[in-house]
Amino acid sequence: MNLMNTKIKPFSATAFKNGEFVDVSEEDALGKWSIFFFYPADFTFVCPTELGDLADYYDELQKLNVEVFSVSTDTHFTHKAWHETSETIGKIGFYMVGDPNGEITRNFENMREGVGLADRATFLVDPEGTIQFIEQTAEGIGRNAAELVRKVKAAQYIAAHPGEVCPAKWEEGEETLAPSLDLVGKI
């Protein structure tokens with residue numbers, strides 16, 4: 001099943017954030033834009049490079065009213081240990097959600113069954129809880145937070161401007177398109 005334009009499912013979990021364990025649920029994702037950033041496991045290789053890159057953009061995402069929930073099937077205790085022992089992970093200010101039972105990972109149809117790990121995937125959820133963007137890569141292919149921020153801005157723009165669309169490589173402030181019969185065959 002394709003999850004695009006579907007509502008996120010209920011969940012409850014414990015996350016590590018700002019030196020504390022906090023309870024989180026789907027309710028924490030409503031009323032603002034949210035990124036669910038799934039990765040296979042703590043203390044690995046590509047994952048810290050991605051999470052560190054995303055941490056570098058967290059302040060910018062917060063200014064865009066976007067919350068970030070990084071999710072792996074590790075426990076919140078493991079997230080805390082990783083946060084305290086890695087300089088790269090130590091700069092993370094967003095939620096590091098523990099999903100040891102796989103509830104959230106399965107809700108997003110992102111579990112590698114038989115392995116017990118989340119696939120490397122990103123879901124952008126709008127303030128109503130609807131999935132607006134999905135990206136999934138193979139195990140060894142890291143994601144780019146700058147490109148994610150660009151896509152967040154595009155999603156927010158089209159949500160605020162019905163009838164317009166953002167063309168390839170669109171950057172904030174650039175021209176958009178208004179689909180119409182007049183444009184067919186002219187782009």
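Guide: A residue counts as buried when its relative accessible area is under 20%. The model here is predicted.

Visitor: Is E50 buried or exposed?

Guide: E50 is buried, because its relative accessible area is 2%.

Visitor: Which residue forms a salt bridge with E50?

Guide: Side chains of opposite charge can pair when their charged atoms come close. In this model E50 pairs with R143, and the closest N and O atoms are 2.7 Å apart. The two belong to distant parts of the chain, with E50 in helix α1 and R143 in the loop between β9 (131–137) and α6, 93 residues apart. R143 is buried as well, with a relative accessible area of 9%.

Visitor: Where does the charged end of R143 sit?

Guide: The charged end of R143 sits over the ring of F37, at 3.7 Å from the ring centre.

Visitor: How many salt bridges does a search of the whole structure find?

Guide: The search finds 12. K153 takes part in a salt bridge with E60, at 3.1 Å from N to O. That pair links helix α6, where K153 lies, to helix α2, where E60 lies, across 93 residues of sequence. E60 is partly exposed, at 31% relative accessibility.

Visitor: What is the N to O distance in the salt bridge of K153 and E172?

Guide: The distance is 3.3 Å. K153 is in helix α6 and E172 in the segment after α6, so the bridge ties together parts 19 residues apart in sequence. E172 counts as exposed because its relative accessibility is 56%, and the cut-off for that class is over 50%.

Visitor: Which residues do salt bridges with shared partners join into one network?

Guide: The network consists of E50, R112, D119, R120, E139 and R143.

Visitor: Now the nonpolar side chains. Which residues of the largest nonpolar core touch the most other members?

Guide: In soluble globular proteins, nonpolar side chains tend to be buried together. The largest core here has 26 residues, and I35, L51, L54, L61, F94 and V152 touch the most other members. At least two residues each come from β3 (33–38), α1 (46–56), α2 (58–63), β4 (66–72) and α6 (145–160). The largest share, five residues, is supplied by α6.

Visitor: Which residues does L54 touch, not counting those up to four places away in sequence?

Guide: With those neighbours left out, L54 touches F37, L61, V68, F94, A145 and L148.

Visitor: How many aromatic pairs does a search of the whole structure find?

Guide: There are 13. A pair of aromatic rings is described by the distance of the centres and the angle of the planes. For Y39 and W82 the centres are 6.1 Å apart and the planes stand at 40 degrees, so this pair is tilted. Y39 is in the loop between β3 and α1, and W82 is in helix α3 (residues 76–85), so the pair ties together parts 43 residues apart in sequence. Y39 is buried, with a relative accessible area of 0%, and W82 is buried at 3%.

Visitor: What are the distance and angle for Y58 and F94?

Guide: Y58 and F94 are 5.6 Å apart, centre to centre, with 70 degrees between the planes, an edge-to-face pair. Y58 lies in helix α2 and F94 in the loop between α4 (87–90) and β5 (95–98), 36 residues apart. Y58 is buried at 8% relative accessibility, and F94 is buried at 1%.

Visitor: Which residues form one aromatic cluster?

Guide: The cluster is made of F11, F36, F38, F69, Y95, F108 and F123.

Visitor: Turning to the backbone, what is the phi of N65?

Guide: N65 has a positive phi of about 60 degrees, although N65 is not a glycine. N65 is in the loop between α2 and β4 and counts as partly exposed, at 43% relative accessibility.

Visitor: Where is E109?

Guide: E109 is in the loop between α5 (103–107) and β6 (111–112). The phi of E109 is also positive, near 50 degrees, in a residue other than glycine. With a relative accessible area of 40%, E109 is partly exposed.

Terms used:
Residues numbered from 1 in each chain as written. Predicted model: local features only at pLDDT ≥ 70, side-chain atom pairs only at ≥ 80, totals over all residues. Heavy atoms only, no water. Core = buried A, V, L, I, M, F, W, Y, C linked by side-chain atoms within 4.5 Å. Buried < 20%, exposed > 50% of the residue type's maximum accessible area, 1.4 Å probe, protein only. Helix = DSSP H or I, 4+ residues; strand = E, 2+ residues; numbered from the N terminus. Contact = heavy atoms within 4.5 Å. Phe/Tyr/Trp six-rings, centres within 6.5 Å; stacked < 30°, edge-to-face > 60°. Lys NZ or Arg CZ within 6 Å of the ring centre and 35° of its normal. Salt bridge = Lys/Arg side-chain N within 4 Å of Asp/Glu carboxyl O.
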